[in-house]
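Here is a quick tour of a protein model, written to be read with the viewer open.

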Amino acid sequence: MTARKIIIDTDPGQDDAVAILLALASPDEIEVLGITAVAGNVPLELTAKNARIVCELAGRTDIPVHAGCDRPLKRPLITAEHVHGKTGLDGPVLPDPQMPLAEGHGVDFIIDTLRAQDPGTVTLCPLGPLTNIATAFQKAPDIVERIQEIVLMGGAYFEVGNITPTAEFNIHVDPEAADIVFKSGVPIVVMPLDVTHKALVTKPRNDAFRALGAKVGIAVAEMTDFFERFDKEKYGSEGAPLHDPCVTAYLIRPELFSGRHVNVEIETQSDLTLGMTVADWWGVTDRKPNALFIGDVDADGFFALLTERLARL
C-alpha cells in the first residue's frame, strides 16, 4: 500500500502535537509533505514555533513547517490559552526549536504542493481554524478539484459547543473560512466533538504513554496531564478528549470510526449560534450531503494504535 500524502494544517495545542506525532510515527501509511501553522489555540508565532518543537521531538527536522495566516478572514482572533496554557504546549519542558521556519507563506505552500502533485493524491488535514485552507481556495480556485480529501477536526452536533453553547472552537474562530471549505465540493470527513469526546485519556491510558519511557511517550503524558485538568473540571469526565489525533488515526485505521454522510452547514450570521455546524443527521432536509460526519470510535482500538505508534518514536 502506498503511503497517503498529506499536508497537516495546525495550531498546536497539545492534542495537535499528538496528532502530528502519530502521523510522523506512521510512515507506511502516511507521508507528511509539510506542516502549515495557523493562528488558533495560541497566536501564529507560537503555533509555528510549537509545530517545529513537535517535529524535533519526533526527530523529523526534514519536515517543512510554514507559517500561514495570523488572523481569521473577517474577525478578531480568539485564542484558547485557558485550555492549552500560555505557550500552547504547557506541560512538558521542551527546548526551543533549532530548525528554522521554511521559506514562504503556508497558503502558498498548500497551493504549490497541490499543483505539483498528481491530482487526487493529496489529503488536507486541518486540526485548527480553517483560515489557511479557505484562503488557499480563494487565492487559487484551481486547486480545489485536485484535493483527494479533507479530513478535519472541528464542529459538533449532539455534543453542542465547547467555546460557546453551540459552537466548537476551531469552527467558531473562523466560521467564514469553514463555510468556504464546506461549500467547496471537496470530499470531507469531519471529526466533531461527538466522536472526540469518546476518545478520553483515562489514567490507565496516560500511564501507558508514560510507561513507554522514551522522551516522546513521557512528553505526551505530561501534555495530557496538563491538558486534561480543564476538561475534567468542565465536563466531569474521567479524562481529556484527544481531539486532533482522531484525524490521523482515521487515515491509518478508518475502521475504528463510524458516521453518516450528511449535509453540514456553517452558521455565519447569528450572534447566538455563530460557528455552529448544523448537521442534518436525521436527513430531514433536502440539502445535499457534503461530509462524512463521524459519530463513534472504538476508543480502546484508538488508544492501542496511538500507544503502539508513539513507541516507535
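## Strand pairing around E6

E6 and E12 run parallel and are joined by 2 bridges; two strands pair if DSSP finds at least two bridges between them. Strands (E, at least two residues) and helices (H or I, at least four) are DSSP runs, numbered from the N terminus. Valine 189 has leucine 292 as its bridge partner in E12. E6 also pairs with E5, again in the parallel sense, over 4 bridges, and there methionine 153 has methionine 191 as its partner in E6.

What do the side chains of E6 (residues 188–191) do? Ile188 and Val190 point one way, Val189 and Met191 point the other, and all are buried. Buried means under 20% relative accessible area, exposed means over 50%, and partly exposed is in between (1.4 Å probe, protein chains only).

A word on ground rules: this is a predicted model, so local features need pLDDT of at least 70 and side-chain atom pairs count only at pLDDT 80 or more, while totals for chains, interfaces and linings use all residues. Residues are numbered from 1 along each chain as its sequence is written, and side-chain values use heavy atoms, with hydrogens and water left out.

Leaving aside residues up to four places away in sequence, phenylalanine 302 touches Ala199, Leu242, Pro245, Cys246, Ala249, Leu256, Phe257 and Val297 (contact means heavy atoms within 4.5 Å). Pro245, Cys246 and Ala249 are among the buried residues of H11. Helix H11 (residues 245–252) is largely enclosed by the rest of the structure, because 8 of its 8 residues are buried.

## The loop between E5 and H6

Valine 160 sits in the loop between strand E5 (147–153) and helix H6 (169–173). Its phi is near 50°, a positive value in a residue other than glycine, and valine 160 is partly exposed at 41% relative accessible area.

Threonine 166 is in the loop between E5 and H6 too, but counts as buried at 18%. Not counting residues up to four places away in sequence, threonine 166 touches Val160, Gly161, Leu272, Thr273 and Met276.

## Other loops worth a look

Which peptide bond is cis? The one from proline 12 to glycine 13, with omega near 0°. Glycine 13 lies in the loop between strand E1 (4–10) and H1.

Valine 93 is in the loop between helix H3 (81–84) and helix H4 (106–116), and counts as exposed at 82% relative accessibility. Valine 93 and glutamate 222 are 129 residues apart in sequence, yet 9.0 Å apart in space, C-alpha to C-alpha.

Valine 284 belongs to the loop between strand E11 (277–279) and strand E12 (291–297) and is exposed, with 68% relative accessibility.
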